[in-house]
Every structure is written in structure tokens, then in C-alpha cells.
Amino acid sequence: ADLERYDYIYVYLLPQQMAEIESRIFKHMANKAIIISNSFQFVVHAPYEVITDKKGKPSIFLYKK
């Protein structure tokens with residue numbers, strides 16, 4: 001997929017798959033795009049914001065290029 005076309009990219013993957021796509025997704029996404037990850041973080045890139053659930057557990061991770 002041409003990731004540069006999208007403003008938002010949503011991922012809901014297990015940690016192994018997150019690690020497999022991380023370099024490709026950050027390389028090919030638009031500079032203004034935001035990645036929304038449910039439940040799991042990328043290995044190399046740090047989220048710019050973390051949203052917690054009602055119990056205070058991190059559940060949504062937001063990333064920018």
C-alpha cells in the first residue's frame with residue numbers, strides 16, 4: 001500500500017508483527033501522518049502520546065514520523 005496517501009494509520013498487531021513492519025511503515029508514511037497502535041508499542045520509535053484505560057494501563061499509543 002502507498003502509505004504516503006494516508007493521514008492516519010491504525011495498527012492492531014502483536015509485538016512480533018509490530019517489530020517486522022516498524023522500519024517500513026516509518027520510512028514510507030507521510031510526514032504529517034499519525035500512527036495509532038492498539039495495545040502494543042513499536043520497538044525503536046517512542047510514542048508522542050500514550051492513552052490509558054480506566055485502570056491506568058497504557059492501551060493506545062500515538063506516533064509521528
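## Side-chain interactions

The structure holds one salt bridge, a term that requires a side-chain nitrogen of Lys or Arg within 4 Å of a carboxyl oxygen of Asp or Glu. The model is predicted: local features need pLDDT of at least 70 and side-chain atom pairs count only at pLDDT 80 or more, while totals for chains, interfaces and linings use all residues. Residues are numbered from 1 along each chain as its sequence is written, and side-chain values use heavy atoms, with hydrogens and water left out.

The salt bridge joins aspartate 7 to lysine 32, with the closest N and O atoms 3.4 Å apart. Aspartate 7 lies in the segment before β1 (8-11) and lysine 32 in the loop between α1 and β2, so the pair ties together parts that are 25 residues apart in sequence. Helices (H or I, at least four residues) and strands (E, at least two) are DSSP runs, numbered from the N terminus.

Burial is expressed as relative accessible area (buried under 20%, exposed over 50%, partly exposed in between; 1.4 Å probe, protein chains only).

| Residue | Relative accessibility | Class |
|---|---|---|
| Aspartate 7 | 37% | partly exposed |
| Lysine 32 | 62% | exposed |
| Phenylalanine 26 | 6% | buried |
| Phenylalanine 42 | 4% | buried |

The structure also holds three aromatic pairs. Rings of Phe, Tyr and Trp (its six-membered ring) pair if their centres lie within 6.5 Å; planes under 30 degrees apart count as stacked, over 60 as edge-to-face and the rest as tilted. Phenylalanine 26 and phenylalanine 42 pair edge-to-face, at 5.2 Å centre to centre and 80° between the planes. Phenylalanine 26 belongs to helix α1 (residues 15-28) and phenylalanine 42 to the loop between β2 (34-38) and β3 (49-52), so this pair ties together parts 16 residues apart in sequence. Phenylalanine 42 also pairs edge-to-face with tyrosine 63, at 4.9 Å centre to centre and 70° between the planes. Tyrosine 63 is in strand β4 (residues 58-64), 21 residues from phenylalanine 42. Phe26, Phe42 and Tyr63 form one aromatic cluster.

Glutamate 22 is located in helix α1. The glutamate 22 side chain makes a polar contact with the side chain of histidine 45 at 2.7 Å.

Methods:
A polar contact is a pair of N or O atoms within 3.5 Å; within protein, one must be able to donate a hydrogen and the other to accept it, and residues adjacent in sequence count only if both atoms are side-chain atoms.
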